[in-house]
Amino acid sequence: MARSWRETALQLSDNALTVLGRRYLRRDAEGEVIERPEEMFRRVAENIASAEANYGASEAEVARVADEFYGIMTRQEFMPNSPTLMNAGREFQQLSACFVLPVEDSMESIFEAVKNTAMIHKSGGGTGFSFSRLRPADDVVSSTRGVSSGPVSFMRVFDSATEAIKQGGVRRGANMAVLRVDHPDIMRFIEAKADHSQLTNFNLSVGITEAFMRAVQRGEQFALINPRTGDQTDTIDARKTFRRMAELAWAGGDPGVIFLNRINAANPTPQVGAIEATNPCGEQPLLPFESCNLGSINLAKMVEGSGESARINWDRLRTTVHSAVHFLDNVIDMNELPLPEIAEMTRANRKIGLGVMGFADMLILLGVPYNSQQAVHTAEQVMQFVRDEGRAASRALAQQRGPFPNWQGSVYQQAGEAPLRNATVTTIAPTGTISIIAGCSSGIEPLFAVVFTRHVLDRDELLEVHPIFERIAREQGFFSPDLLKEIAAKGSLHGIEEIPASVREVFTTAHDVTPEWHVRIQAAFQEFTDNAVSKTVNFPNEATVDDVEHVYRLAYELGCKGVTIYRDGSRDEQVLTTGKTERAREDAGEVAAAPVTPRPRPAVVTGSTRMVRTGCGKLYVTINQDEQGPFELFATMGKAGGCAASQAEAIARLVSLAFRCGIPADDVIRQLRGIRCHQPAWEAGGERILSCADAVAKVIERTLMPEGEQLAMDFNGAAFGHAGACPDCGGTLVHDGGCNVCRDCGYSQCD
């Protein structure tokens, strides 16, 4: 009998095996997994090591390097970004996760960028854009004697293109849109995702300048400049604009901010061009047509000893850093990039992004609370070591292989430094999926939870327990199933007296950590990182807009290159795995306090039926009304049977119940509109139907609401977007490390 791919000698968790089987291991023509985890790591190691032959290595030397690379991955000390694990050694050899494309102010450039975006997303990458060069809305277009529709309008074209690309079910495209704060359309951009059903494939970041921050500090007006002419068009109140950014981020997470002057002060090749945009999670500022290859070291594996004798093994960390830099430099040679312009720019600068994951686990093993000055010091100490050793490894490679081609004129050459093989070496990236494979905490984030509910494929619910906590709890004698349930419901160890205070102190979770400590940890890593840091500053549900604004200011003051925030429960679609958020909503009065009785069905009702095209087929929606208004709804698929038909019937029954209980139609629409499935559709008029639920909402709107009110409706209450249910397995998406990650199946937009 053939050996199952799950039968492995590697120390991998059940969750890691599930992730590998779903997303990384090779499959045959029938879709059956035909590769074991160790075979995947061997495939990747041998493929990346084969680059050694380009520099005169013998077969024996290539084999030795392959063993070295295999070792750091199988010991879970280092993992490359997902495209490398998925594609190295296979027919589709695209190994990069991060790309930035230029968007110039012409129709030809815009749609060339759309085409290139499609090619990159098809290859498994994510893209970043600056839309700052586009003329503002209502500006003159001399060639057509018309007016421009502006950057936000064209962003929707990119969003629709991304939605249409499925990437073989392995990775879905993600985008970052950046607009300079001095662009005349900046307020349109800031408010572009106020309706969370819009631009769901985009993260937004405002490109903030030093001049704008000075205007904020002084309470001054700030000039807006037309990028086409260079002329001032208007002014904005800097403080009010800054406040509006905070308000929208408080409501749904967008926009974030990036500090453009600070990013370009660290640009290693200013002679090549200025940096205007980043990759989708913001950690990788890149020049137009540039890509980057990322990988992360598992810091939990760099701790030896336990209890009071625990310490960082600096020798092991040094060895791992040198192997990882070697690995990532080889990736550049083995990469088959989707566009010739990207290949040229990538190989001219040879940027790599070595980062870390498992930082929270390292602190726990060392007995250091995440929200402490000692944790900040540890972050600085570790990242300075990784940066210094990473550059040492890059210099050693430069001696053997030569510096990156754009070395002449770079900031390093001008400063008289020894040549580097790579223009940048370090990046702190989100590690949602690869950290599951490595069995460690994500990136530099605190623990999401010590105990949380995980949904398995048969929809049972299991309590997932942090392994270090379980070991300590058993060793110290306070482990029990009831305790785990209490922790999962509470979302924190704090206040649970049966857990020793010393344990409660070190097992801090994301919401035990105040936003200020989140920023201080981010700034500590940023000080010693060449590129940038992807991190989410988590806020409790009860946080205020003032709190968000304070964090934006603090990130600027402490030297961060950008910042992203997320307020717990700020999007209605977030399905948390702890009980904390639901209690906050109940306290805020968001849960109905009293039951209502549905009214009985009269003998006669009148109605109409509309057909809508969905990704599952034609959906026929009938709405009947009585004397009091809408009474019932029926939804029937064109082809009866299957999940789509049963789900449509379930939606219809619940909507009917809502109507009969007197719930207004606009409240029903708010709950259904914007829900997305994996297979959207377009109607003849060009409107996108995101799912059967979205289709039902739109039929209700068209049938029951006057046309003017349809256009004016505010759907902010229905915060459905890409941060809710997992599009692959339906599990919970967690906003972690600047990205959305499913802990059940490993789905991630980012790594």
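Glu39 is partly exposed, because its relative accessibility is 31%; here buried means under 20% relative accessible area, exposed means over 50%, and partly exposed lies in between (1.4 Å probe, protein chains only). The structure is a predicted model, in which local features need pLDDT of at least 70, side-chain atom pairs count only at pLDDT 80 or more, and totals for chains, interfaces and linings use all residues. Residues are numbered from 1 along each chain as its sequence is written, and side-chain values use heavy atoms, with hydrogens and water left out.

The side chain of Glu39 forms a salt bridge with that of Arg36, at 3.7 Å from N to O. A salt bridge is a side-chain nitrogen of Lys or Arg within 4 Å of a carboxyl oxygen of Asp or Glu. By this rule, the model contains 44 salt bridges.

A second example joins Glu191 to Arg244, with an N to O distance of 2.9 Å. Glu191 belongs to the loop between α7 (186–190) and β7 (202–208), whereas Arg244 belongs to helix α9 (residues 238–252), so the pair ties together parts that are 53 residues apart in sequence. Helices (H or I, at least four residues) and strands (E, at least two) are DSSP runs, numbered from the N terminus. Glu191 is partly exposed at 34% relative accessibility, and Arg244 is partly exposed at 27%.

A further salt bridge links Glu649 and Arg653, whose closest N and O atoms are 2.7 Å apart. These two residues stand four residues apart in helix α23 (residues 642–660), so about one helical turn separates them. Glu649 is partly exposed at 40%, while Arg653 is exposed at 59%. Elsewhere, salt bridges that share partners join Glu191, Arg243, Arg244, Glu247, Asp546, Glu549 and Arg553 into one network.
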